[in-house]
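Me: I have a structure open and some questions about it. Can we go through them one at a time?

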Amino acid sequence: MGVTPESLKMLKGLLASQYLAVLGTQQGGQPYNSLVAFAETDDVKYVVFVTARDTQKFANISSDGRVALLVDSRSNRVTDFNSAVALTLIGIAREATGSEREYLASIYTGKHPDLIEFVGRNNSAVMKMTVSDYNVARFDRVERLKR
């Protein structure tokens, strides 16, 4: 199923309400997860995160850009079984450069103004994830939305 106006509204709401996500990368078939601060473009086609270039996640993405990003609405309460939503975004990540880096960094620091200094460091890479699939999971069902 494709992204409808109703599902886009839900995706935008969930992504805007959360500041952290779990990024899944891999190296040689071994999964690797990292907690990242993220921001999304208004059309939710792209997700931005920033990492130091000397991290395992950067090395993994440099060798294989396929990534997954898990964003969820849980509150760690029993009510989550009925109300929490977990969104897995599937796509390709790469380092942004030039004017694209500046544009994406402004989206990122708009959501995370406390990370402006981190973004400005010489060793920081602004990463652009192009999303191809959105998997929306609730306790008893999963819906896949294709871009």
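Me: What is the N to O distance in the salt bridge that Asp 64 forms with Arg 66?
Reply: This is a predicted model, so every value here is computed from its atoms. Asp 64 pairs with Arg 66 in a salt bridge. The closest N and O atoms are apart by 2.7 Å.

Me: Is Asp 64 buried or exposed?
Reply: Buried means under 20% relative accessible area. Asp 64 has 16% relative accessibility, so the residue counts as buried.

Me: And Arg 66, buried or exposed?
Reply: The cut-off for exposed is over 50%. Arg 66 reaches 55% relative accessibility. Arg 66 therefore counts as exposed.

Me: How many salt bridges does a search of the whole structure find?
Reply: Side chains of opposite charge can pair when their charged atoms come close. The pair of Asp 64 and Arg 66 forms a salt bridge. A search of the whole structure gives a total of seven.

Me: Which residue forms a salt bridge with Lys 111?
Reply: The closest N and O atoms of this pair are 2.9 Å apart. The partner of Lys 111 is Glu 40.

Me: How many residues apart in sequence are the parts that Lys 111 and Glu 40 tie together?
Reply: Lys 111 lies in helix 4, residues 98-111. Glu 40 lies in strand 2. The pair therefore ties together parts whose separation in sequence, in residues, is 71.

Me: Is Lys 111 buried or exposed?
Reply: The cut-off for buried is under 20%. Lys 111 has a relative accessible area of 15%, so Lys 111 is buried.

Me: What about Glu 40, buried or exposed?
Reply: The relative accessibility of Glu 40 is 17%. Buried means under 20%. Glu 40 therefore counts as buried.

Me: Which residue stands opposite Glu 40 in strand 3?
Reply: Strand 2 and strand 3 (residues 46-52) run antiparallel, joined by three bridges. Their hairpin has five residues between the strands, and Val 44 takes a positive phi near 50 degrees there. Opposite Glu 40 stands Val 47.

Me: Which residue joins Arg 94 and Glu 100 in one salt-bridge network?
Reply: The side chains of Arg 94 and Glu 100 meet in a salt bridge at 2.9 Å, N to O. Salt bridges that share partners extend this pair into one network.

Me: What is the relative accessible area of Glu 100?
Reply: Arg 94 counts as partly exposed at 39%. Glu 100 is partly exposed too. The relative accessible area of Glu 100 is 22%.

Me: How far apart in space are Gln 30 and Arg 94, C-alpha to C-alpha?
Reply: Gln 30 lies in strand 2, residues 30-40. Gln 30 is exposed, with a relative accessible area of 53%. Gln 30 and Arg 94 are 64 residues apart in sequence. In space, their C-alpha separation is 19 Å.

Me: Which residue in strand 2 is the bridge partner of Leu 23?
Reply: Eight bridges join strand 1 (residues 20-27) to strand 2, and these strands run antiparallel. Their hairpin has two residues between the strands, with Gly 28 at a positive phi near 60 degrees. The partner of Leu 23 in strand 2 is Ser 34.

Me: Which residue stands opposite Leu 23 in strand 4?
Reply: Strand 1 also pairs with strand 4 (residues 66-72), antiparallel over three bridges. In strand 4, the residue opposite Leu 23 is Leu 69.

Me: Which residue in strand 5 is the bridge partner of Val 67?
Reply: Strand 4 and strand 5 (residues 86-95) run antiparallel. Seven bridges join these two strands. The strand 5 partner of Val 67 is Gly 91.

Me: What is the relative accessibility of Ser 124?
Reply: Ser 124 lies in strand 6, residues 124-138. Beyond four places away in sequence, Ser 124 touches residues including Val 50, Arg 101 and Phe 118. Ser 124 counts as buried, with a relative accessibility of 2%.

Me: What radius of gyration does the protein chain have?
Reply: The protein chain has five helices and seven strands. With 147 residues, a compact globule would have a radius near 15 Å. The chain agrees with that, because its own radius of gyration is 15 Å.

Key:
Residues are numbered from 1 along each chain as its sequence is written. This is a predicted model: local features need pLDDT of at least 70, side-chain atom pairs count only at pLDDT 80 or more; totals for chains, interfaces and linings use all residues. Side-chain values use heavy atoms; hydrogens and water are left out. Helices (H or I, at least four residues) and strands (E, at least two) are DSSP runs, numbered from the N terminus. Buried means under 20% relative accessible area, exposed over 50%, partly exposed in between (1.4 Å probe, protein chains only). A salt bridge is a side-chain nitrogen of Lys or Arg within 4 Å of a carboxyl oxygen of Asp or Glu. Two strands pair if DSSP finds at least two bridges between them. Contact means heavy atoms within 4.5 Å. The radius of gyration is taken over C-alpha atoms; the globule rule is 2.2 Å times the number of residues to the power 0.38.
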